[in-house]
Number of protein chains: 2
Amino acid sequence: MEKFEVNILGCGSALPTMRHLSTCQVVNIREKLFMIDCGEGAQLQLRRSKLKFSRLNHIFISHLHGDHCYGLMGLISTFGLLGRTAKLHIYSPAGLEELLKPQLDFFCNKLTYEVVFHSFQTSSPEQIFEDKSLTITTIPLRHRIPTAGFLFAEKQRPNHLIKDMIEFYKVPIVQLNDIKLGADFVTADGVVIPNNRLTFPSTPARKYAYCSDTLYKENNIPQIKGVNLLFHEATFLESERARAKETNHSTAIDAARIAAKAEVGELLIGHFSARYEDETPFLEEATPVFPNTILANEGLCIEVR
Amino acid sequence: MEKFEVNILGCGSALPTMRHLSTCQVVNIREKLFMIDCGEGAQLQLRRSKLKFSRLNHIFISHLHGDHCYGLMGLISTFGLLGRTAKLHIYSPAGLEELLKPQLDFFCNKLTYEVVFHSFQTSSPEQIFEDKSLTITTIPLRHRIPTAGFLFAEKQRPNHLIKDMIEFYKVPIVQLNDIKLGADFVTADGVVIPNNRLTFPSTPARKYAYCSDTLYKENNIPQIKGVNLLFHEATFLESERARAKETNHSTAIDAARIAAKAEVGELLIGHFSARYEDETPFLEEATPVFPNTILANEGLCIEVR
């Protein structure tokens, strides 16, 4: 199976602590790296993760709160010191370029590469990235400021040919591509050989959805339905539900309810408030609602499967 | 002896590594904290040091390179989240306020306290802070951009009265202050009692000098003459002298020469380039020139004595 992993570099909330750093993740799809959010210290966490700096060309910022983007300047500077030449693309809600530009011009005026800013709206899903193996689409979230999550969707790969059968039926080379894509084969005698005798399916395309920061929001369920892995923020426990509502955050049970209703494969929760010394209660509250729940933690690398 | 300590929160150079973070120190004088430089991750290092956030009201930035100030936004935000009300004073060469203002207005628009910016010139020494126990004066340095170090000088405290002698000579209370400050006492009979029979000297005032980042610069020697502790940058070893000159940095031997010529008590070296995996050679090069040399390291707390 091709690599599709999520690396947690930081899963705390606004106040970084000795237990959890500010939000940062790296999605590794076949050794192409995509960073999601970039809290203070992201560059050091990236170094710690042993992921290759040169493989990272795209950074996605969910919203313009400091704990999700204070690490950008350090990361950009370090890439410059390392002599990077490839463009670095940063996707975010509108406003980030204006905020960083004065510092970029001042601190990074001799940058060896270009930083390209892309802004997206946060009111409806928008495909903001595509390459031959993947699309990335925004997920509108409900937070105190414009915020979007991200849906990473592998493209379905063509079926695999069953070589023996292809030879047996003497399928002409020119037809192989169609057959990979699902066509049946008709022999010279007019006999139809169904596609499933000629091919076997490739690995089903996988999906990873990232939803942080957000209030409980059922509208997104159709978009994230059946994803293999859902990261959903769980800033608070149930005892702080009022505080969660007030600050536009979710509880562990909120996250689990979304996971259950969206029938996802696994739920990964994080963005834990600094007030909690231990995250076991998050798991205890979430699992009765959605058993397949995992706690995020710095250094965790989880396969999307 | 009253507390006068230097805490190393970061002693790497431009590229933070797993071994060394960007520059940051905290000078603790009688539980009043003064931060010098504020590289990325400073707030977490401050937390790690167990120094009290509420005791820190003054931050001194030597120069406007990112590795000396990228930690400011995170620190300022965190102070806000913790409900700080006391003003936070930031001293730096001109330009920092303009660089941070857009981000402060955007990310910290509900800050519970005031950030006050003070700028200083870097061409001649300037006293930029004074309270009843201390003065802080800039030390002009020679780097690629305007840069200053800082001289922390305790004020000399009055002599201590020898109670038995004060009682024996029946010194009137009204004269005690003058005697603490060095006056002799004249008895009713006209006999002069010399001050050194009535008092013993208080601890000699101590000095800490911080010089980073800088090329080897002898002009500063008179200003830092005889300080108890000198922090001097030593970015490179002697084998990289050409690189040191090119980037306006010092070698370990440069730092040791300054320490020797200035006849300081102890030399603390840091700002190590990321290229070195081990700092032992820094010590090996510095100590023949100035034996009393110490390697900086994250978590080191060194008494000024």
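Student: Why are S7(A) and S8(A) called paired strands?
Tutor: Pairing requires that DSSP find at least two bridges between two strands. S7(A) and S8(A), which covers residues 134–140, are joined by 4 bridges, so they count as paired; the two run antiparallel. One of the bridge partners is Thr137(A) in S8(A), facing Gln127(A). Keep in mind that this is a predicted model, where local features need pLDDT of at least 70, side-chain atom pairs count only at pLDDT 80 or more, and totals for chains, interfaces and linings use all residues. Residues are numbered from 1 along each chain as its sequence is written, while chains are lettered from A and ligands numbered from 1 in the order in which they are written.

Student: What makes S7 (127–131) and S17 (293–295) of chain A edge strands?
Tutor: The open sheet runs S7-S8-S9-S14-S15-S16-S17 in chain A, with mixed pairing. S7 and S17 each pair on one side only.

Student: What counts as a strand or a helix here?
Tutor: Both are DSSP runs numbered from the N terminus: helices are H or I with at least four residues, strands E with at least two. Chain A has 10 helices and 18 strands.

Student: How do you know which residues of chain A are in contact with chain B?
Tutor: Contact means that C-beta atoms, placed from the backbone, lie within 7 Å. By that test, 23 residues of chain A are in contact with 22 of chain B. Helices H1 (42–49), H2 (72–81) and H3 (96–107) of chain A each give two or more residues to that side.

Key:
Two residues are in contact if their C-beta atoms, placed from the backbone, lie within 7 Å.
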